[in-house]
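Here are my notes for someone opening this one up for the first time. Have the sequence and the model side by side as you read.

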Amino acid sequence: MNPGPEDKRQHPRVPAVLRVDYTDGRQARDVTENLSHEGLFVQTDQAFVMGDEVRLALSFPGLLDPVEVSGTVAWMRPAGPDQPAGVGVRVEREQDRRKLGDILSAAGADSHASHAEHEGYRVLIVEDNPHIIEMYSYVLKKLASGELHGKVPLEVHFAPDGHHALLMLREDRFNLVMTDLYMPVMDGFALVERMREEEALRTIPIIAISAGGKEAQDRAMQLGVDIYLRKPVRFVEVLETVKQLLRIK
């Protein structure tokens with residue numbers, strides 16, 4: 001999608017990180033970058049051409065069951081040094097636009113869903129770079145305090161490597177793990193493998209984050225990762241998606 005200024009005002013794009021599975025036979029799994037009432041942008045290395053029809057299932061592990069929509073490739077973005085390749089998909093069918101609208105309504109100021117009975121949503125971020133942790137801690141505090149989009153029961157915790165992450169996961173309850181793949185002591189690949197082997201941890205959704213290429217992505221997905229994100233990645237957008245989806249649970 002590449003709307004003009006007027007279209008952007010009428011149908012603003014909301015950053016949203018959702019899992020993309022293809023229901024038209026494509027053997028791949030990608031991720032959305034943003035949504036609007038008229039379509040979405042998908043980060044992908046797949047070969048598309050303008051006008052291709054695609055059928056997608058949008059979901060977020062543990063929060064949003066698959067929502068099926070169809071559309072047409074209306075914009076293509078080549079890979080760059082600071083952004084992955086992707087395609088904009090324009091959604092024409094009114095019923096599919098309503099489905100996107102239901103997801104987007106979570107980000108609206110008119111959402112008044114009560115969270116008093118929600119036990120809280122806990123995210124574990126596994127990252128060994130102290131500069132990245134420091135950079136995001138400030139914004140994460142704002143997310144937790146409700147300064148951004150209102151307060152919902154979201155807690156964020158950090159682990160410096162896979163070993164410490166496993167200890168934390170065995171001692172407490174977490175709803176989502178976001179992990180780097182290349183770390184000392186125990187890397188993200190080993191962490192994912194161990195989590196999928198342990199009965200108590202097997203069903204926890206995992207988002208993998210890496211600067212690695214397709215080989216790293218394929219290995220991570222084979223081990224059981226739910227969503228794969230390429231660096232540079234905005235942790236904040238993932239957590240904003242979590243907060244938005246908590247509103248429509």
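What follows is a set of numbered points, moving from the sheet to its helices and then to the charged pairs.

1. Some ground rules. This is a predicted model, where local features need pLDDT of at least 70, side-chain atom pairs count only at pLDDT 80 or more, and totals for chains, interfaces and linings use all residues. Numbering starts from 1 along each chain as its sequence is written, and side-chain values use heavy atoms, with hydrogens and water left out.

2. Start with the sheet. Five strands form an open sheet in the order β9-β8-β10-β11-β12, with parallel pairing. At its edges stand β9 (154-159) and β12 (227-230), each with a single partner strand, so one side of each has no neighbour in the sheet. From one strand to the next the twist averages 20° (axes are lines fitted to C-alpha atoms, for helices over the stretch in contact, and angles run from 0 to 180 degrees between N-to-C directions). Strands here are DSSP runs of E, at least two residues, and helices are runs of H or I, at least four residues, both numbered from the N terminus. Two strands count as paired if DSSP finds at least two bridges between them.

3. Now look at β8. How many of its six residues are buried? Six of the six are, where buried means under 20% relative accessible area, exposed means over 50%, and partly exposed is in between (1.4 Å probe, protein chains only). Tyr121, Val123 and Ile125 are on one side, and Arg122, Leu124 and Val126 on the other, so both faces are covered. As a rule, side chains in a regular strand alternate between the two faces of the sheet.

4. Helix α4 comes next. Its buried residues are Gly162, Ala165, Leu166 and Leu169. They cover an arc of only 100° around the axis, which puts them on the same side of α4; the arc is that of the directions from the helix axis to the C-beta atoms. Among what covers them are β8, β9, β10 and α5, with contact meaning heavy atoms within 4.5 Å. At the start of α4, a side-chain oxygen of Asp161 comes to within 3.0 Å of the backbone nitrogen of His163.

5. Gly188, Phe189, Leu191, Val192, Met195 and Arg196 are its buried residues. Asp187 caps the N-terminal end of α5, with a side-chain oxygen 3.2 Å from the backbone nitrogen of Phe189.

6. Is Arg173 buried or partly exposed? It counts as partly exposed, at 30% relative accessibility. Its side chain makes a polar contact (2.8 Å) with the side chain of Asn175. A polar contact is a pair of N or O atoms within 3.5 Å; within protein, one must be able to donate a hydrogen and the other to accept it, and residues adjacent in sequence count only if both atoms are side-chain atoms.

7. Last, the charges. The structure holds 18 salt bridges, each a side-chain nitrogen of Lys or Arg within 4 Å of a carboxyl oxygen of Asp or Glu. One of them joins Arg19 to Asp21, with the closest N and O atoms 2.7 Å apart, and both residues are buried. These two also belong to a salt-bridge network with Arg29, Arg196 and Asp226. Another joins Arg202 and Glu199 (2.9 Å, N to O); here Arg202 is partly exposed at 37% relative accessibility, while Glu199 is exposed at 61%. Asp96 pairs with Arg93 at 3.0 Å between the closest N and O atoms. Asp96 is buried, with a relative accessible area of 0%, whereas Arg93 is partly exposed at 42%.
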